[in-house]
Amino acid sequence: MLIGAHVDYEDPLAEATARNADVVQFFLADPQGWKAPETRPDAEALRASAMEIFVHAPYVLNLASTNNRIRIPSRKLLAQHAAAAATVGARGLIVHGGHVNKGEDVAVGIDNWRKALQQAQDKGGLPTRVLIENTAGGDNACARRFDELARLWDAVGEFGVGFCLDTCHAHAGGEKLLDIVDRVKAITGRIDLVHANGSRDGFDSGRDRHDNLTVMNDEPGMIDPELVAAVVRAAGAPAVVETPGGVEGQSADIAYLRAHQ
Ligand SMILES: [Zn+2]
């Protein structure tokens, strides 16, 4: 099983090597901003590397939004990041499921997802596969609870999207980790990547605060790290830790997952 980490975007290959990772994930631009990615001097090295590469889209991107001033720039940002991700040889571009605002119908957000992917297809298709990631919070999310995820997949499955399962988001979002791989695959038919994270918050808390697997908060209701390892085993997909602690913390989490394969 290929195991790795989400690292800083300055020098992902060096960061991955320092963590003894097989897989590396990073942003191509400020995750809180709308700037297009810049050309990377290490693009060729990344492409040529044996490392599996995944790119995470900025958090501001929300393809479900009913607000034109978010939805339209989100489509543009998606196209820019999919193009830039291809230049570094990425296997996937991770995009959060997104949400509509309080009081709005999630069905409208799901239809906005479909329209975004239809438009991208009409323009020749995206050069990197979009991996939709489940999210932790909000009552109006497209991919927090799996009943909504099933509706989302009915709308977008035909566009060849993949799925990224985040264990912290599932736990905090109110989906139990036991048998989760089977429940996801019954909906999506696939898991392309696992975000193997602990959670600093309890089940169904709606909070998105990642924790390590090795020095986890052991208060009642937190994730049992063995459950995270079981998800990685069952998924049969590459796994990335998006955990705190830099080289030391993430290396320990990677080693834990490897020891539990
Ligand atoms: Zn994640």
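Let's start with contacts. Among contacts between residues at least 6 apart in sequence, 75% join residues at least 24 apart. Contact here means heavy atoms within 4.5 Å.

A word on the source. This is a predicted model, where local features need pLDDT of at least 70, side-chain atom pairs count only at pLDDT 80 or more, and totals for chains, interfaces and linings use all residues. Residues are numbered from 1 along each chain as its sequence is written, and side-chain values use heavy atoms, with hydrogens and water left out.

Now the overall picture. The protein has 9 helices and 10 strands. Both are DSSP runs, numbered from the N terminus: helices are H or I with at least four residues, strands are E with at least two. The C-alpha trace spans about 45 × 45 × 30 Å along its principal axes.

Next, the surface. Of the 261 residues, 53% count as buried. Buried means under 20% relative accessible area, exposed means over 50%, and partly exposed lies in between, with a 1.4 Å probe and protein chains only. The protein exposes about 11200 Å², and carbon and sulfur atoms supply 48% of that. Areas come from the Shrake-Rupley method with a 1.4 Å probe; for residues, only the protein chains shown count as cover.

On to charge. There are 26 positive and 36 negative side chains. Lys and Arg count as positive, Asp and Glu as negative; His and the chain ends are not counted. The centres of the two sets lie 6 Å apart. Each charge is placed at NZ of Lys, CZ of Arg, CG of Asp or CD of Glu.

How many salt bridges does the structure hold? It holds 14. The criterion is a side-chain nitrogen of Lys or Arg within 4 Å of a carboxyl oxygen of Asp or Glu.

First slide: Arg 91 and Glu 52, at 2.7 Å, N to O. This pair links distant parts of the chain, 39 residues apart. Arg 91 sits in the loop between α3 (68-87) and β4 (92-96), while Glu 52 is in strand β3 (residues 52-56). Arg 91 is partly exposed at 43%. Glu 52 counts as buried at 19%.

Next slide: Arg 144 and Asp 204, with closest N and O atoms 2.9 Å apart. Again, distant parts of the chain are linked, here 60 residues apart. Arg 144 lies in the loop between β5 (130-133) and α5 (146-156), and Asp 204 in the loop between β8 (198-199) and β9 (210-211). Buried or partly exposed: which is Arg 144? Arg 144 is buried, at 5% relative accessibility. Asp 204 is partly exposed, at 36%.

Last pair: Lys 115 and Asp 111, at 3.7 Å between the closest N and O atoms. Both are in helix α4 (residues 106-122); they are 4 residues apart, so about one helical turn separates them. Lys 115 is partly exposed at 40%, and Asp 111 is partly exposed at 28%. Arg 114 joins them in a network of salt bridges.

One more residue: Ala 18, in helix α1 (residues 12-18). Ala 18 is partly exposed at 44%. Beyond four places in sequence, Ala 18 touches Val 247 and Ser 251. The C-alpha atoms of Ala 18 and Gln 250 are 9.9 Å apart, across 232 residues of chain.
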